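Colleague: I'm new to reading protein models, so please pick one side-chain pair, look at it closely, and then show me the surroundings step by step. Plain words for each term would help me a lot.

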Amino acid sequence: MKLALIFLLLAAIALAHPISQGALDVEVSPGNIHVRARVPVEEVLVADALGSGSAASLRDAWREHGQYFLRHFQIDADGRTLTGSVSSVTAAATDHVVYELDYPSAAMPIELSLRQDLLNEILYAPGNPWEATFVVRVSEQRRLTHEGLLLTSKQPLTVTGQRSGHDRGRIFGAYVRHGIAHILSGYDHLLFIAALALAAVTFWDLIKVVSAFTLAHTVTLTLSVLNIVRLPSHVVEPMIAASIVLVALSNILWPKRSRGWVRLATAFFFGLFHGLGFAGGLLDAMSGMAGVAVGAAVAAFSTGVELGHQMVVLPIFFGLSLARNARRDDAGRHLLALRSLQYGSAVISVAGAFYLIAALS
């Protein structure tokens, strides 16, 4: 059974970002704070196999992770840290586990603070730790007071019983930062956008291809929010991986065709699947939220995604442009552009092939 747990973990690592997206429903009542935590299976497997877990079965892994969750999740009521317990563990589906936790409190708190550092001690790659993030909904005696709040290890939450007019601004900023983090820690999306940027010779080339990609993933993000188009991860993930390999190989084998309408069509087509990849875990965590709140959060997240893209493509493009312009002769500039395109794309294609094999296994 332990081997099965490790196999599931390896599949999760190969396909995932180091950001695990869950959801918290916090119900505040006199004398008790009840938390319903919806945790992705991926998070449990990472904590067990790469952390200090020793589960011999899936049931043991769920139970052990409940105690791990308690150690790394903290609730303060009016400045006093509460001690909680896990009241139940339910494997609600193949993709997530539900924990019911209770935190007895002396009275009805005026201010509630949530903190967590789940998975932060586990590295996904050197200098890039795993992180658990949660979409949070808070109710006071069954009356919804806050929804759509984002809890990460770097962004603790403090809320009061009254609905705050500051929530909208706080939510927008939190989801913009979340979108940036999603891109900068998402190697599959980074590889694809880097392959597109390598082939851009002029700034106009870059604008066109990034715009095509942006338009495509905005379309599918919007359709996902409206629940019109949803595809399972076993379809989306292989297509994202295939997009990396195809664009990189095109750069190597047909460098003269790496621009123009064919490349724009390629960027748009695969951008549709990248948009579904962006939407997946986040929209699942937002299940049950009001449509307007979901739309606003996803719009902010999409803004962050675009900012993250620019943080990648602009340095690549201008760095290569400076290197080419440093050559005095046209032949030297052309050779440098060709070698940069081919060698950079070779590295990208190898990494993309790894993702593709993992996605199909």
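**One glutamine and what lies around it**

Modeller: Let's start with glutamine 155, whose side chain makes a polar contact with the side chain of arginine 177 at 2.8 Å. A polar contact is a pair of N or O atoms within 3.5 Å; within protein, one must be able to donate a hydrogen and the other to accept it, and residues adjacent in sequence count only if both atoms are side-chain atoms.

Before going on, please keep in mind that this is a predicted model, where local features need pLDDT of at least 70 and side-chain atom pairs count only at pLDDT 80 or more, while totals for chains, interfaces and linings use all residues. Residues are numbered from 1 along each chain as its sequence is written, and side-chain values use heavy atoms, with hydrogens and water left out.

Where does glutamine 155 lie? Look in the loop between strand S11 (143-151) and strand S12 (157-160). Helices (H or I, at least four residues) and strands (E, at least two) are DSSP runs, numbered from the N terminus. Glutamine 155 has a relative accessible area of 17%, so it counts as buried. Buried means under 20% relative accessible area, exposed over 50%, and partly exposed in between, with a 1.4 Å probe and protein chains only. If you set aside its neighbours within four places in sequence, glutamine 155 is in contact with Leu150, Ala174 and Arg177; contact means heavy atoms within 4.5 Å.

Now let's visit two other loops. Leucine 119 sits in the loop between strand S7 (111-116) and strand S8 (123-125). Although leucine 119 is not a glycine, it has a positive phi of about 70°. Its relative accessible area is 0%, so leucine 119 is buried. Glutamine 141, found in the loop between strand S10 (131-140) and S11, also has a positive phi, of about 50°, without being a glycine.

Charged pairs come next. The structure holds 5 salt bridges, a salt bridge being a side-chain nitrogen of Lys or Arg within 4 Å of a carboxyl oxygen of Asp or Glu. One of them joins glutamate 100 and arginine 36, with their closest N and O atoms 3.3 Å apart. This pair links distant parts of the chain: glutamate 100 is in strand S6 (residues 96-104) and arginine 36 in strand S2 (residues 32-40), 64 residues apart. Glutamate 100 counts as buried because its relative accessibility is 17%, whereas arginine 36, at 37%, counts as partly exposed.

Another salt bridge connects arginine 63 with aspartate 60, where the closest N and O atoms are 2.9 Å apart. Both residues lie in helix H3 (residues 58-72), 3 residues apart, or about one turn of the helix. Arginine 63 is partly exposed, with a relative accessible area of 44%, and aspartate 60 is partly exposed with 26%. The side chains of glutamate 140 and arginine 143 also meet in a salt bridge (3.7 Å, N to O). Here glutamate 140 is buried at 17% relative accessible area, while arginine 143 is partly exposed at 40%.

What about the whole chain? The protein has 10 helices and 12 strands, and 50% of its 361 residues count as buried. Among contacts between residues at least 6 apart in sequence, 71% join residues at least 24 apart.

The largest nonpolar core has 92 residues, and Ile33, Val136, Tyr175 and Met286 have the most contacts inside it. Helix H9 (residues 291-325) gives the most to this core, with 10 residues. A nonpolar core is a set of buried Ala, Val, Leu, Ile, Met, Phe, Trp, Tyr and Cys residues joined through side-chain atoms within 4.5 Å. Not counting residues up to four places away in sequence, isoleucine 33 touches a list of residues including Val28, Ile75, Leu82, Leu101, Tyr103 and Leu112.

Phe203, Trp204, Ile207 and Phe318 make a nonpolar surface patch of about 420 Å². Helix H6 (residues 203-225) gives the most to this patch, with 3 residues. Phenylalanine 203 lies in helix H6 and counts as partly exposed, at 40% relative accessibility.

Methods: Patch = residues over 30% accessible without salt bridge, like charges linked within 9 Å, V, L, I, M, F, W, Y side chains within 5 Å. Areas by Shrake-Rupley, 256 points an atom, 1.4 Å probe, with all protein chains shown as cover.
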